[in-house]
Amino acid sequence: MKKVLSVACALCMTTAMLTGCGSSNNAGTAATGEAQNSAAASTTTEQASTATDAGTTLIALITMDSLDQHWVTLNEGAQKAAAELGVTVQFMAPNTKDDAQQIECVNNAVSAGAQAIIVAANGPDAISSALREASDAGVKLIYVDSPANVSAEATFSTDNNAAGKTAGEEMKKALADAGVTSGSIGIINVNAATDSCVMREEGFRSAFEGTDFELLETQYGEGDAAKSQSIAENYITQGVVGIFGCNEGSTTGAGNAIKASGKDNVIGVGFDKSDAILGLIDDGYLLCTMAQNPDVMGYEGVKAAVKAINGESLGGVVTDTGVSVLTKQQ
């Protein structure tokens, strides 16, 4: 049995290194660089194996990436709950938003003996097959932030449609206060598949229904701040009056583009909370951001996972973890 487990762990470790499915320790530190990625993958596999051998409850936390402050904070909430409940939570995530790498993280978690997987799906369709196989193997599924298209025990996320509409209302009010009643508005999203961000965009667009504003075709920056900045710069060249960023990287890119342009008449509104975003708000380059509560998602996700592992039925309940509008005054 030990020999079989050793082989499985070795395969898991190799797969993690090849796919870039990095992980962090309980402090949530993301590994960078090829050597660090390999070391992190090895450490995660060894820790998971040890936890399984010792009979410890092992839960895998798989987010869209390991670098955004949003996911780091979510992991911090998860680790807090893990410490309180006496379970092991392994943070396993790619260093970039990539469906294939996230799928490998799921497969690695199953191979390592995880009894539950807490996941924020990058692509709800792409990851579904892997999650279905995990569920069929008896692994409990919990969604945080962004669900996939497979039934789960519970989901903890923002009401993204409502939050997106709030973002639109904030921009619309700021434009009205500036005497602007028409013009074009750019939208920067991650991709066309991530459910949470798609819902934010839908909510944002709904806020402008019946107005004289033209919402331009959405551009996708893959959640990357540099790519999003380039998109935003093109929008500004086109003469937009506002830009909406649907996630942390999109928002940071939009704010940096507005800053670089030297224009003070472009209203930037975004999503998520990070030091960079708060700095752009304080400096006046972004109006506001919709701040989620990722720590609550992680904390409640682990609690739910433990209940599910212990046989409690959670009924697939979806819990809204809330959102706050952060402006310069806050």
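The model is predicted, so local features need pLDDT of at least 70 and side-chain atom pairs count only at pLDDT 80 or more, while totals for chains, interfaces and linings use all residues. Residues are numbered from 1 along each chain as its sequence is written, and side-chain values use heavy atoms, with hydrogens and water left out.

**Whole protein.** Start with everything selected and colour by secondary structure. There are 11 helices and 14 strands; these are DSSP runs numbered from the N terminus, helices being H or I with at least four residues and strands E with at least two. Of the 330 residues, 52% are buried (under 20% relative accessible area, 1.4 Å probe, protein chains only).

**Helix 3.** Select residues 69-85. This helix has 17 residues and reaches 24 Å from first C-alpha to last, close to the 24 Å expected at 1.5 Å a residue (1.5 Å times one less than the number of residues). Its buried residues include His70, Trp71, Leu74 and Ala78. Step on to Gly86, which follows helix 3 and has a positive phi, near 70°.

**Largest cavity.** A cavity is a set of points on a 1 Å grid over the protein atoms alone where a 1.4 Å probe fits but cannot get out, and lining residues have an atom within 4 Å of a point. The space is about 80 Å³, a volume filled by probe spheres set on points joined across faces, edges and corners. Helix 7 (195-206) gives the most to this lining, with three residues. By class, the lining has three nonpolar, three polar and six charged residues (Asp, Glu, Lys and Arg are charged; Ala, Val, Leu, Ile, Met, Phe, Trp, Tyr, Cys and Pro nonpolar; the others, Gly among them, polar).

**Largest pocket.** Select Ile281, Gly284, Tyr285, Leu286 and Leu287, which lie nearest the pocket centre among its 15 lining residues. A pocket is an open set of grid points with protein on both sides within 12 Å along at least five of seven lines. This one holds about 270 Å³, and its lining has seven nonpolar, five polar and three charged residues.

**Leu216.** Finish in the loop between strand 8 (212-215) and strand 9 (219-220), where Leu216 sits. Leu216 is buried, at 14% relative accessible area. Among the residues it touches, not counting those up to four places away in sequence, are Ile185, Tyr235 and Val240 (contact means heavy atoms within 4.5 Å). Val240 is 24 residues from Leu216 in sequence and 9.1 Å away, C-alpha to C-alpha.

Key. Buried means under 20% relative accessible area, exposed over 50%, partly exposed in between (1.4 Å probe, protein chains only).
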